[in-house]
Amino acid sequence: MVAVQSERTDSKTSSDTNDIPEKGISPASDKEVKDQDEYENLKYPEPWKFEKWFIGGYSKGRMIKFNSPKAMYRAINLFAGVAIMFYGYDQGVMSQVNLNPHYQELMGIAPIEGNSRNVAALGGIVSVYYGGTLIGALIAGSLADRMGRIKAVVFGCLWALLGAVLQASAYNITWMCFGRVISGVGVGAIDCVVPVWSAEVSSHSARGAFLAIEFFMNIGGLALAYWIEYFAYLDPNHEMAWRTPLALQIIFILVIGLGINFFPESPRWLMKMGREEEARNVLKATRDTDVEYELKGIKKVVKYELETSGANHYVAMLFPKDRYSRQLRWRVVLAVWLQIMQELVGIGVITVYAVDLFQDAGFEEQMSKLLAGFNNISYMFSVIFAVITLDRYGRRSTMVWGAVGMAVELLIAGILDKYAQIKGPNQRSFGAGVATLTFLYTATFGATWLTTPWLYPTEIFPLNVRAKGGA
């Protein structure tokens, strides 16, 4: 019995000794070991075979270095803002080009007034651009998932550069429409990918403010285009008055296409491609918090989404065959309808035809142009309120109250505009009311609905379909 008891004691002592970790070494839990094994066995996608044919891209050696993550954060914020500013500039650049008499004669669409064919042609030149943006967004959404966010942006810049050159050198309506479509492809690609890229390299707690600041610069681009054209129009050389603003797009494109290659790639995309060390380096450069904790969270998301990678196709997102894809379909519907409703609230009509709107309200042409320009400036500064509302009050509340405010403002403005078009002693008062409510409407839109439909897709779509969802 003594021998048996001695054996048990020795066995217990040996077992206890083996369970005690060496000094300075913390034992890994069974769960951690299991998770590590699962991550090691992940089947990451192979690099796209055509990726080498696309120029640009992320490089650790080329990435700019800053003294602190906050400095890097500000630089990314500023650069993304420049890219979004270009989109605003491109949206607004045609507003006064369309009014230029030399442009109208060269395109064969003069006179505009009283000629339905010329009015339709003028609208067609503007609208074909948006067909190009649709194509560009769909292409870039796929490319961004295959070869990274940065290469997809460079791809868009090449198209935008060609389109800008063609527009600035156009001598007939066919030439101009061709340039507009190509430019639209490029701008659609840039505008689809940049919000996704900037949201993924930023901290989740500040994405709303991050995007709001970008769109402050977006409307700044729209205002910049308007005022450049306003002062260019004062030049007696009317040909240069419309060619110069179109050519200035090239400066934006070169800054974006060259500059983005010196910034970090999305850490989420790098992790999805199995480039864990590069993802860690990017997080260290852009975060002042626990990098390993966030990296572990990204790993978990990547693991799940690689297992459901069959849904990473436009067709699967629209026509689902399994439960996961059916969940994605409703997110697609939500994202698409937010974009559609953003346009249907009428902001495009206000920004493009603001001069006509103020003229209909009884103001002279010169005063109408000034009011339209100041409305763009007011619109730009209203976006600052989104920095507060998005992260403090939430996305849905911001959209609900914004929609209510815009509806009331447009209703009253429409009633006043009816009386502002009737000549009489009160016409100017009614016209002033229309102008005031127009300013309030664009400010409300800028503070609420401008940013939210772009922020939502970056947050509701999983990583493996995020770029396509954004498209």
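Helix 16, which spans residues 323-344, contains Val-336. The structure described here is a predicted model. In sequence, Val-336 and Pro-453 are separated by 117 residues, yet their C-alpha atoms are 8.7 Å apart in space.

A pair of helices is considered next. Two packed helices are described by the angle between their axes and the distance between the axes. For helix 7 (residues 149-168) and helix 11 (residues 249-259), the axes come within 9 Å and cross at roughly 165 degrees. Helix 7 is therefore roughly antiparallel to helix 11, a description that applies to angles over 145 degrees. The crossing of helix 7 and helix 11 is left-handed.

The second largest pocket holds about 530 Å³ of space. It is lined by 23 residues, of which Asn-98, Leu-99, Ile-112, Leu-122 and Asp-356 are the closest to its centre. The lining is divided by residue class as follows.

| Class of lining residue | Number in the second largest pocket |
|---|---|
| Nonpolar | twelve residues |
| Polar | seven residues |

At least two lining residues come from each of helix 4 (94-97), helix 6 (116-147), helix 17 (347-352), helix 18 (354-360) and helix 19 (365-382).

Notes:
Residues numbered from 1 in each chain as written. Predicted model: local features only at pLDDT ≥ 70, side-chain atom pairs only at ≥ 80, totals over all residues. Heavy atoms only, no water. 1 Å grid on protein atoms, 1.4 Å probe; cavity = no way out; pocket = protein on both sides within 12 Å on 5 of 7 lines; lining within 4 Å. Points joined across faces, edges and corners; volume = space filled by probe spheres on them. Helix = DSSP H or I, 4+ residues; strand = E, 2+ residues; numbered from the N terminus. Nonpolar A, V, L, I, M, F, W, Y, C, P; charged D, E, K, R; others polar. Axes fitted to C-alpha atoms, helices over the stretch in contact; angles between N-to-C directions. Parallel < 35°, antiparallel > 145°, perpendicular 65-115°, else oblique. Left-handed = near helix turned anticlockwise from the far one by under 90°.
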